[in-house]
Amino acid sequence: LLSGQSNSIEYILNYKPSLESNKKVQQIYYLDLLNNESVFRTKKMRQSDSLKKVTGYGLGNSTIFNDHLYIKKELKNNSVYKFITMPTSMDKFNIKIKEPLNWQLTSDTKTINNLECQKAEVEYAGRQWIAWFTDEINVSDGPYIFKGLPGLIVQISDKDENYVFKLSKINKNTN
């Protein structure tokens, strides 16, 4: 459905900023797909990137560390890079993620956003993650560093639901 096109997939992230709190924070992220690359970033970072391209100047950075989830994936050669900008010093770090995602597919299915989804599980960064993906959309990608399933990840959360990414929209990318 989406392969070979330029698309923007919007995810809503609900997360707990602290394990000691029951408070949840919501943030909008975009997974922008173009050819064999994808970029996953906040709405503000996406706007900032667009401004930088046109004017050379972007928007200021947030001081909240979770707002700095900026991931670039080169899907053709299976590379994942995490970009981190320290909010106070503006130091920039480019980290190649080398940890493989060893997905375990299950036979469990459910419908999410009118898409038939299948369950998969993976351990990453000390957390057990549960993903729901659909093969109705032929894109082997998803939010954050997650990729490599036989379809688009529609929803993924850690076992305790401290982090929950859920697809909210798919748009043709006009930027």
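Are Tyr 144 and Phe 165 buried or exposed? Tyr 144 is buried, and Phe 165 is buried as well. Keep in mind that this is a predicted model. Here are my notes, starting with that pair.

1. **The Tyr 144–Phe 165 pair.** Searching the whole structure turns up 11 aromatic pairs. One of them joins Tyr 144 to Phe 165, and it is stacked, with 6.4 Å from centre to centre and 10 degrees between the planes. Tyr 144 sits in the loop between β9 and β10 (152–158), while Phe 165 belongs to strand β11 (residues 163–172), so the pair ties together parts 21 residues apart in sequence.

2. **The aromatic cluster.** Tyr 144 and Phe 165 also belong to one aromatic cluster.

3. Now for the strands. There is an open sheet of 11 strands, paired antiparallel, and the order reads β6-β5-β4-β3-β2-β1-β11-β10-β9-β8-β7. At the edges you will find β6 (92–97) and β7 (104–112), each of which pairs on one side only. From one strand to the next, the twist averages 20 degrees.

4. **β1 with β2.** Strand β1 (residues 7–15) runs antiparallel to β2 (residues 25–34), and nine bridges join the two.

5. **β2 with β3.** These strands are antiparallel too, joined by six bridges.

6. **β3 with β4.** Moving along, four bridges connect β3 (residues 37–42) with β4 (residues 70–74), again running antiparallel. Here Ser 38 has Lys 73 in β4 as its bridge partner.

7. **Ile 130.** This residue lies in strand β9 (residues 127–134). Why does Ile 130 count as partly exposed? Because its relative accessibility is 22%, and buried would need a value under 20%. Setting aside neighbours within four places in sequence, Ile 130 is in contact with Lys 119, Ala 120, Glu 121, Gln 155, Ile 156, Ser 157 and Lys 159. As for Gln 104, which is 26 residues away along the chain, its C-alpha atom is separated from that of Ile 130 by 9.7 Å.

Key
Residues numbered from 1 in each chain as written. Predicted model: local features only at pLDDT ≥ 70, side-chain atom pairs only at ≥ 80, totals over all residues. Heavy atoms only, no water. Pairing = 2+ DSSP bridges. Axes fitted to C-alpha atoms, helices over the stretch in contact; angles between N-to-C directions. Buried < 20%, exposed > 50% of the residue type's maximum accessible area, 1.4 Å probe, protein only. Contact = heavy atoms within 4.5 Å. Phe/Tyr/Trp six-rings, centres within 6.5 Å; stacked < 30°, edge-to-face > 60°.
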